[in-house]
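Work through the exercises below with the model open. Try each task before reading its solution.

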Amino acid sequence: MIVSIYNDDTISINIESITKILNSCMRSINFIHKDEIIKINSKTVSKKTCRSLEINKTNESDLRVVFTEKQYDNNYYFQSDSNTIIVSFYLWKHLTTLPHNNGALYFISSLLSSEIIPGTKHMTRTGCIRDFLMEKTDVDVGMRSAYICPDCQSLLRNNKQENDYQKNILTTEELMCILNKLSYASRSETDVATIVNDAYKTAERDLLQTDNEKFDVFMCHNNKDKNNIKAISNKLKQNGLNPWLDIEQILPGEIWQDKIENIIPNINSAAIFVGKNGIGPWHNQEIRAILSEFANSNKRLIPVILPDCSKPPILPLFLRQMHYVDMRDLEPDPIELLTRGIVASSEI
Ligand SMILES: [Zn+2]
């Protein structure tokens, strides 16, 4: 499938970079950057405009996408029943602080997924690429979250099996590759067209490496205790262990819930740290995920009381019955105790 991308004369979008990003993620679609500047004669645009647009029809594209600042007659972002789709950035600056280029990548992902995945879009704001965007400002959340929800992923996968033609169009992995780049850039208020740089490539390479790495212990903690946890993690590393710590393993823009859900089943022990800050909100979510994964297995949960606790912390009920490591005690060495607990569970 070939998709060509254009600007009209009301807008400037870095189509060269956008096609580069799209082509770096997609094998089944070839995106082409066209130098031709389109002229839309009407004041507003509509489905009819899409059908009648003057584009050099000699080109071989299956789909043509045209970006404009002109408004749709129904104020939508895009709408078409032909193979030319006009995408409207009307009053963009009032809808988001993010650049046009991020929007361009968002809309291409969104229109491809709606072409390919059957059924209605989400009518509420979920952050999924198949949100209908009832409120136009939801596009801002959409670009920052830029993900495809598990329901839509399974629709995409099932669709592939049923339809041979669509099988060659788009895979979940290809779509996620684009969305990850988009959310990485958007969350850091960066123009997605600039991410084709070395810093991003390095981050991506590191990520690929850690995905194949084996970890010994999941470090479940309250964000407020981060400094203490980093110090403990370093001591565990000195003892030859490889702890999984979110700040070291999750890149900006990654879907951290997914990342954590993926790592928990592949790890044999989890240390649950409780300090003077108690249990934090996300800490609590992690504990639940760990509990459901660990419930019917021999995997080991190790509660750890951090050294900054002046009085005994209130541990959640289920943790109270377990042997815990108290970092306030200096003898026996709590790091050694924790190391032994982790090593014992890796031998299960
Ligand atoms: Zn969805």
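**Exercise 1. Place Glu-174 in the fold: which helix holds it, and is it buried, partly exposed or exposed?**

Step 1. This is a predicted model. Glu-174 lies in helix α8.

Step 2. Count the other C-beta atoms within 10 Å of Glu-174: there are 18. Buried needs 20 or more, and exposed needs 12 or fewer. Glu-174 is therefore partly exposed.

Step 3. Now look for contacts, skipping neighbours within four places in sequence. Glu-174 is in contact with Cys-25, Met-26, Arg-27 and Ser-28.

Step 4. Leu-22 and Glu-174 are 152 residues apart in sequence, yet their C-alpha atoms are 9.0 Å apart.

**Exercise 2. Find which residues touch the most other members of the largest nonpolar core, and which elements give two or more residues to this core.**

Step 1. The largest nonpolar core has 52 residues. Ile-18, Val-65, Leu-105, Ile-108, Leu-179 and Leu-182 touch the most other members.

Step 2. Assign the core to elements. Those giving two or more residues are the strands β1 (2–7), β3 (63–68) and β4 (84–88), and the helices α1 (15–25), α4 (100–116), α5 (138–145), α6 (150–162) and α8 (172–187).

Step 3. α4 gives the most, with seven residues.

Step 4. Take Leu-179 as a case. Residues up to four places away in sequence aside, Leu-179 touches Ser-109, Ile-129, Ala-146, Tyr-147 and Ile-148.

Step 5. Look for another core. A second, separate one has 27 residues, including Ile-229, Leu-245, Ala-270 and Ile-290.

**Exercise 3. Describe β3: which residues point each way, and are they buried or exposed?**

Step 1. Sort the side chains. Leu-63, Val-65 and Phe-67 point one way from β3. Arg-64, Val-66 and Thr-68 point the other way. In a regular strand, side chains alternate between the two faces of the sheet.

Step 2. Check burial. Six of the six residues of β3 are buried.

Step 3. Find the partners. β3 pairs with β1 in the parallel sense over five bridges. β3 also pairs with β4 in the parallel sense, over five bridges.

Step 4. Name one position on each side. Phe-67 in β3 stands opposite Asn-7. Val-66 has Ile-86 in β4 as its bridge partner.

**Exercise 4. Step back to the whole protein: how many helices and strands are there, and what share of the residues is buried?**

Step 1. Count the elements: 15 helices and nine strands.

Step 2. Of the 348 residues, 35% are buried.

Step 3. Residues 24 or more positions apart make up 68% of them.

Key
Residues numbered from 1 in each chain as written. Predicted model: local features only at pLDDT ≥ 70, side-chain atom pairs only at ≥ 80, totals over all residues. Helix = DSSP H or I, 4+ residues; strand = E, 2+ residues; numbered from the N terminus. Contact = placed C-beta atoms within 7 Å. Core = buried A, V, L, I, M, F, W, Y, C linked by C-beta atoms within 7 Å. Pairing = 2+ DSSP bridges.
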